[in-house]
Amino acid sequence: KEAVESASNLVERDPGSRENRLNLAICQVWLATHLSKNGDVAGALRYREIAAATYANLVASSANDAKILESQVANWGEIGKLRARRGEWATAHQNYTSALHVTEAMVASNPAFNEYLDELRQADQGAILRMSQQK
């Protein structure tokens, strides 16, 4: 949590610094990962959502930055997994769909996105199946 606070302070001092904002998102993701591994799904989800907003802000100013987009895709995938753990299948599906949209657009120009395609498609199909079973 201290890393997130330190990174937040840097962003407050220099809100235009892309590097500081990216470091903040990375710290938010690290904290979310720690919380998730310790069973705090709600806390993990909260910090993943905060990181998603940070990534969205970064993408708005650097729309074709593969590093930021890849981090954003990975974060959306993890949000989907957390939502699935809570049985929130429709929201998990929305996150997987967001991640797939970017991944499919980027995969032709950046093969690094290939590693996400199968996992995201499978996770999304699982969410769709679970949604259909709830009806």
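Two residues are in contact when heavy atoms lie within 4.5 Å. The exercises below apply to a predicted model.

**Exercise 1. Contacts of Leu120**

Determine which residues Leu120 touches, not counting residues up to four places away in sequence.

Solution. With neighbours up to four places away in sequence set aside, Leu120 touches Val73, Gly77, Tyr96, Ala99, Leu100 and Thr103. Leu120 belongs to the α6 side of the contact between α4 and α6, and Val73 and Gly77 belong to the α4 side.

**Exercise 2. Packing of α4 and α6**

Describe the geometry and the composition of the contact between helix α4 (residues 66–85) and helix α6 (residues 114–134).

Solution. Two packed helices are described by the angle and the distance between their axes.

1. The axes of α4 and α6 come within 11 Å and cross at roughly 20°.
2. Because angles under 35 degrees count as roughly parallel, α4 is roughly parallel to α6.
3. The crossing of α4 and α6 is left-handed.
4. From α4, the residues Glu70, Val73, Ala74, Gly77 and Lys81 meet Glu115, Tyr116, Glu119 and Leu120 of α6.
5. By class, the residues of this contact comprise 4 nonpolar, 1 polar and 4 charged.

**Exercise 3. Gln72 and Arg86**

Classify Gln72 and Arg86 as buried, partly exposed or exposed, and list what each touches, not counting residues up to four places away in sequence.

Solution. 

1. Gln72 is located in helix α4. Its relative accessibility is 6%, so Gln72 counts as buried, the cut-off being under 20%.
2. Beyond residues up to four places away in sequence, Gln72 touches Tyr55, Ala56, Val59 and Val102.
3. Arg86 is located in the loop between α4 and α5. With a relative accessible area of 42%, Arg86 is partly exposed.
4. With the same exclusion of residues up to four places away, Arg86 touches Val41, Ala42 and Leu45.
5. Arg86 and Val41 are 45 residues apart along the chain, and their C-alpha atoms are separated by 8.1 Å.

Methods
Residues numbered from 1 in each chain as written. Predicted model: local features only at pLDDT ≥ 70, side-chain atom pairs only at ≥ 80, totals over all residues. Heavy atoms only, no water. Axes fitted to C-alpha atoms, helices over the stretch in contact; angles between N-to-C directions. Helix = DSSP H or I, 4+ residues; strand = E, 2+ residues; numbered from the N terminus. Parallel < 35°, antiparallel > 145°, perpendicular 65-115°, else oblique. Left-handed = near helix turned anticlockwise from the far one by under 90°. Nonpolar A, V, L, I, M, F, W, Y, C, P; charged D, E, K, R; others polar. Buried < 20%, exposed > 50% of the residue type's maximum accessible area, 1.4 Å probe, protein only.
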